[in-house]
Amino acid sequence: MSQLKLSYFDFHGGRAEPARLALAIGGIAFEDHRFAYPEFAEVRKSTPFGQVPVLHVDGVQVTQCDAINRYVGKLAGLYPLDAYQALLCDEVMYVVEEAGVKLGPTFRMTGEEQKAARLAQVNGSMPVYLRWLQSQLLAHGGEYFADNRLTMADLKVFVDVRSLNSGRLDHVPTDLVEKVAPALNTHLQRIANTPAVAQYYAQFGAR
């Protein structure tokens with residue numbers, strides 16, 4: 001088995017969380033390198049684009065979160081073998097990533113500028129992508145996004161919805177998902193209650 005080291009910020013969310021969950025679910029040993037935000041200035045010097053997450057595989061550094069997600073998903077048996085189901089899985093992951101890219105610049109804003117920017121998304125792009133995700137979920141049986149089982153797509157959506165509901169995103173109402181795409185909250189609970197996921201968060205005392 002390859003030696004794996006996953007580097008990302010020390011919190012339960014963000015772009016590395018689906019990979020962390022997948023590795024935990026798959027029982028795959030890895031070095032969970034977490035660091036506080038003040039350390040990022042130093043960490044980013046050694047990354048290709050000054051960004052994280054990065055995954056070291058036997059010492060070789062790999063970037064881009066969804067490439068990492070597909071790789072660890074394959075290791076953990078959480079990525080479809082069927083080409084069409086893999087396409088559906090990727091489609092969902094890319095939509096969530098695109099939504100995150102739109103939200104990203106608001107983290108560098110403060111005060112009224114941040115409020116205006118986030119409310120513009122709350123009243124614009126966020127409901128659009130949440131409703132699309134709900135429609136995809138329901139179109140494929142209502143429980144999982146692809147392959148009729150837990151895949152990386154489910155973990156990616158789970159982490160995103162968990163963040164939107166958390167109250168940690170200023171100016172994003174905690175009931176936004178419930179109002180526009182309630183099936184995603186049902187999906188969140190299904191994934192949260194998966195024994196391996198519940199066990200993962202229990203070790204941190206997190207919910």
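**Entry 1: D160**

I started at D160, which touches V96 and Y129 when residues up to four places away in sequence are left out; contact here means heavy atoms within 4.5 Å. This is a predicted model, where local features need pLDDT of at least 70, side-chain atom pairs count only at pLDDT 80 or more, and totals for chains, interfaces and linings use all residues. Residues are numbered from 1 along each chain as its sequence is written, and side-chain values use heavy atoms, with hydrogens and water left out.

D160 sits in helix α7. I take helices (H or I, at least four residues) and strands (E, at least two) as DSSP runs, numbered from the N terminus. Buried or exposed? D160 counts as buried because its relative accessibility is 17%; the cut-offs are under 20% relative accessible area for buried, over 50% for exposed, and partly exposed in between (1.4 Å probe, protein chains only). I also looked up E17: its C-alpha atom is 9.6 Å from that of D160, although 143 residues separate the two along the chain.

**Entry 2: α7 and its neighbours**

Next I checked how α6 meets α7: they pack at about 135°, with axes 13 Å apart. Axes are lines fitted to C-alpha atoms, for helices over the stretch in contact, and angles run from 0 to 180 degrees between N-to-C directions. That angle makes α6 oblique to α7, since under 35 degrees is roughly parallel, over 145 roughly antiparallel, 65 to 115 roughly perpendicular and the rest oblique. From α6 the contact uses M126, Y129, L130 and L133, and from α7 it uses V157, D160 and L164.

K156 is also in α7, which covers residues 152-165. I found K156 buried, at a relative accessible area of 5%. Beyond residues up to four places away in sequence, K156 touches P18, C65, D66, N69, M93, V96 and E97.

Then I went to α9 (residues 182-192), where the buried residues are A183, L184, N185, H187, L188 and I191. What covers them? I noted α6, α7, α8 and α10 among the elements that do.

**Entry 3: the sheet**

I traced 4 strands in an open sheet, ordered β2-β1-β3-β4, with mixed pairing. Two strands pair if DSSP finds at least two bridges between them. β2 and β4 stand at the edges with a single partner strand each, so one side of each has no neighbour in the sheet. The twist averages 20° from one strand to the next.

β1 (residues 4-9) pairs with β3 in the antiparallel sense over 4 bridges, and L6 has L55 as its bridge partner in β3. Helix α3 (residues 65-76) packs on the sheet and touches β1, β3 and β4, its direction making about 45° with that of β3. β3 and β4 are antiparallel as well, over 4 bridges, and V54 is bridged to T63 of β4. In their hairpin, with 2 residues between the strands, I spotted D58 at a positive phi near 50°.

**Entry 4: R20**

α1 lies across β1 and β2, at about 145° to β1. R20 belongs to α1 (residues 17-25), and with 0% relative accessibility it counts as buried. What does the side chain of R20 have a polar contact with? I found D32, side chain to side chain, at 3.4 Å; a polar contact is a pair of N or O atoms within 3.5 Å, where within protein one must be able to donate a hydrogen and the other to accept it, and residues adjacent in sequence count only if both atoms are side-chain atoms. A polar atom of the R20 side chain is also 2.8 Å from the backbone oxygen of F9.
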